[in-house]
Amino acid sequence: MSADYKLYHGNCLEILQQLSPNSFDMIFVDPPYLLSNYGKSCKNGKLVSIKKGSWDEGNGIEKDFEFHKSWLALCQPLLKENGTIWVSGTYHSIHACGLAMMQLGYHILNEIAWFKPNASPNLSCKYFTASHETLIWARKNKKAKHYFNYDAMKNGMFPQDFIKKPNLQMRSVWAINLTPPVEKKCGYHPTQKPLALLERVIQASTHEGDTILDPFMGSGTTGVAAQKLGRNFIGIDNNKEYVALTEKRIKELNRPNPQPELF
């Protein structure tokens, strides 16, 4: 089934106000974690600055919380009555998002721990090795309904996830490796999510033909997964290069396979 997509370049706090209420079956949000003011991280076995860009710089606890609450407030009326939202983050952002969601009246359904079996080591040897992110799955309010593809999650094939046992209920801990190099061939983004993660999220909570929104789309993994699975997609990002990267990835996905030459 063919699916449409539309990409916006601009500030999501402005663009979200222009979208129609009750128009999205799912919203996936991987907001800036706002941690680029400080710290070091491990990349390819080397200690590097954690700075990803000005878009990831924090402005203090109170202002950062208000930022998260502002986009969450704008997303809430955009969800259909049976739509759901997924919010991804680390401890730098996910607790603020969770509190804001509760204050706004979202109804939290699950907290998912995305375990990364091949996470980078902690080179300082002063802390536990960070090897997971958290996803919050919620509906717009307590009275709303939501869709869950229970059968696909229980009986689907997830061969690379050693935690998921065949034909048993899927648990709230998912083992999914970091983004493989083949998914980065169209360009670089410092926080690109693996397709396997977004495909599972989309399959779990939407039908084919549904419409998905990502207000901080980055490299466009949500859009690629949505198109691959026959869902419509609207993405927003304030970085022109990332909008172009998303466009390139979706076009690459939708490009017809060339016919083999005959000799």
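**Exercise 1. Cys75: is this residue buried or exposed, and what is the closest cysteine sulfur?**

Step 1. Start with accessibility: Cys75 has 0% relative accessibility, so it counts as buried (buried means under 20% relative accessible area, exposed over 50%, partly exposed in between, with a 1.4 Å probe and protein chains only).

Step 2. Now look for a partner. The closest cysteine sulfur to that of Cys75 belongs to Cys12, and at 7.2 Å it is too far for a bond. A disulfide here is a pair of cysteine sulfur atoms within 2.5 Å.

Step 3. Check the whole structure: the search turns up zero disulfides. Cys12 is in none either, with the sulfur of Cys75 as its nearest, 7.2 Å away. Cys12 also counts as buried, at 5% relative accessibility.

A word on the model before going on: it is predicted, so local features need pLDDT of at least 70 and side-chain atom pairs count only at pLDDT 80 or more, while totals for chains, interfaces and linings use all residues. Residues are numbered from 1 along each chain as its sequence is written, and side-chain values use heavy atoms, with hydrogens and water left out.

**Exercise 2. Work out how H2 and H3 pack.**

Step 1. Find the elements: H2 covers residues 61-75 and H3 covers residues 94-104. Helices (H or I, at least four residues) and strands (E, at least two) are DSSP runs, numbered from the N terminus.

Step 2. Get the geometry. The two axes come within 9 Å and cross at roughly 50°; axes are lines fitted to C-alpha atoms, for helices over the stretch in contact, and angles run from 0 to 180 degrees between N-to-C directions. That makes H2 oblique to H3 (under 35 degrees is roughly parallel, over 145 roughly antiparallel, 65 to 115 roughly perpendicular, and the rest oblique).

Step 3. List who touches whom, with contact meaning heavy atoms within 4.5 Å. From H2, Phe65, His68, Lys69, Trp71, Leu72 and Ala73 meet Ala96, Cys97, Leu99, Ala100, Met101, Gln103 and Leu104 of H3. Sorted by class, that contact has 10 nonpolar, two polar and one charged residues. (Ala, Val, Leu, Ile, Met, Phe, Trp, Tyr, Cys and Pro count as nonpolar, Asp, Glu, Lys and Arg as charged, and the others, Gly among them, as polar.)

**Exercise 3. Follow H6 to its partners H5 and H7.**

Step 1. Take H5 (residues 195-205) to begin with: H5 and H6 pack at about 55° with their axes 9 Å apart, and they are therefore oblique to each other. Their crossing is right-handed.

Step 2. Leu195, Leu198, Glu199 and Ile202 of H5 meet Thr221, Thr222, Val224, Ala225, Ala226 and Lys228 of H6. The classes come to six nonpolar, two polar and two charged residues.

Step 3. Zoom in on Glu199, which sits in H5. Glu199 is buried, at a relative accessible area of 17%. Neighbours within four places in sequence aside, Glu199 is in contact with Ala225, Lys228 and Leu229.

Step 4. Turn to H7 (residues 240-254). The axes of H6 (residues 221-228) and H7 come within 9 Å and cross at roughly 20°, which makes H6 roughly parallel to H7. This crossing is right-handed.

Step 5. Thr221, Gly223, Val224, Gln227 and Lys228 in H6 meet Arg249, Ile250, Leu253 and Asn254 in H7. That contact has three nonpolar, four polar and two charged residues.

**Exercise 4. Look at the backbone of Cys125 and Asn167.**

Step 1. Recall the background: most residues other than glycine have a negative phi.

Step 2. Cys125, not a glycine, has a positive phi of about 60°. Cys125 lies in the loop between S6 (107-115) and S7 (132-139) and is exposed, at 68% relative accessible area.

Step 3. Asn167 also has a positive phi of about 60° without being a glycine. Asn167 is in the loop between H4 (150-155) and S8 (173-175).

Conventions. Left-handed = near helix turned anticlockwise from the far one by under 90°.
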